[in-house]
Amino acid sequence: MGSEGPSPVIVHVTGFKKFHGVAENPTETIVSNLKDYMKKRGMPKGLILGSCSILDTAGQGALVPLYQTLQAGLSGGDSESSNSRRVIWVHFGVNSGATMFAIEKQAVNEATFRCPDEMGWKPQKVPIVPADGAISRKRETSLPVEEMTKVLAKMGYEVMTSDDAGRFVCNYVYYHSLRFAEQNGVRSLFVHVPLFLTIDEETQMQFAASLLELLASLY
């Protein structure tokens, strides 16, 4: 590529499997179908859709596969240096009580699970990364979430910016991902989606595609 212009943005995406109270997780469907959906829609110039992974809805017990997934996103699988490749992680999680999409600005270093995760872990006021200090420690995404929210809202989506990703597995994964992103010079974003009963599957697929296209256009 060299002098032909900026290198493409590589977006890796994750969703979650089922968990207590949510027998069918919409993010598993969205992420599993995203590559085919984007191919039919037409992949925008400057965007490479990388891995699309489905994570167990678990904290501590699922850390090893989470880090394997994140680490795999750094190796582009070719000889290009990672510096020339702009990598963004987008994590989708469900908020079963939500009526709109929420782009999460930050994660907190606190695991307080309202119910056990899929591996039976139910921490209360536990630091996600003890080395980071207190449970009040926050990590913010370096992506312009307010600007992104405005653009997506203008497209007609019911979307908001959120500064509270909860204290369950979504926040747990986002905190680790933001920390990993900062250490490795990449970016991370978490998006909460409602159930398909609230916003139908086709609209959610369109939203996911629009979000990826927006990320590619930002850089």
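**View 1. Pairing of isoleucine 103 with valine 191 in β8.** Valine 191 is the bridge partner of isoleucine 103 in strand β8. The model shown here and in the following views is predicted. Strand β4 (residues 101-104) pairs with β8 in the antiparallel sense, over three bridges.

**View 2. Parallel pairing of strands β3 and β8.** Strand β3 (residues 86-94) and β8 run parallel and are joined by seven bridges. Strand β8 (residues 187-193) is mostly covered, with six of its seven residues buried.

**View 3. The aromatic cluster that includes phenylalanine 113.** One aromatic cluster is formed by Phe19, Phe113, Trp121, Phe168 and Tyr172. The structure as a whole holds 11 aromatic pairs. In the pair of phenylalanine 113 and tryptophan 121, the ring centres are 5.3 Å apart and the planes stand at 75 degrees, so the arrangement is edge-to-face. Phenylalanine 113 counts as buried because its relative accessibility is 1%.

**View 4. The pair of phenylalanine 113 and phenylalanine 168.** The two ring centres lie 4.9 Å apart with the planes at 75 degrees, and the pair is therefore edge-to-face.

**View 5. Arginine 114 over the ring of phenylalanine 168.** Arginine 114 is placed over the face of phenylalanine 168, at 4.6 Å from the ring centre.

Definitions and conventions
Residues numbered from 1 in each chain as written. Predicted model: local features only at pLDDT ≥ 70, side-chain atom pairs only at ≥ 80, totals over all residues. Heavy atoms only, no water. Phe/Tyr/Trp six-rings, centres within 6.5 Å; stacked < 30°, edge-to-face > 60°. Buried < 20%, exposed > 50% of the residue type's maximum accessible area, 1.4 Å probe, protein only. Lys NZ or Arg CZ within 6 Å of the ring centre and 35° of its normal. Helix = DSSP H or I, 4+ residues; strand = E, 2+ residues; numbered from the N terminus. Pairing = 2+ DSSP bridges.
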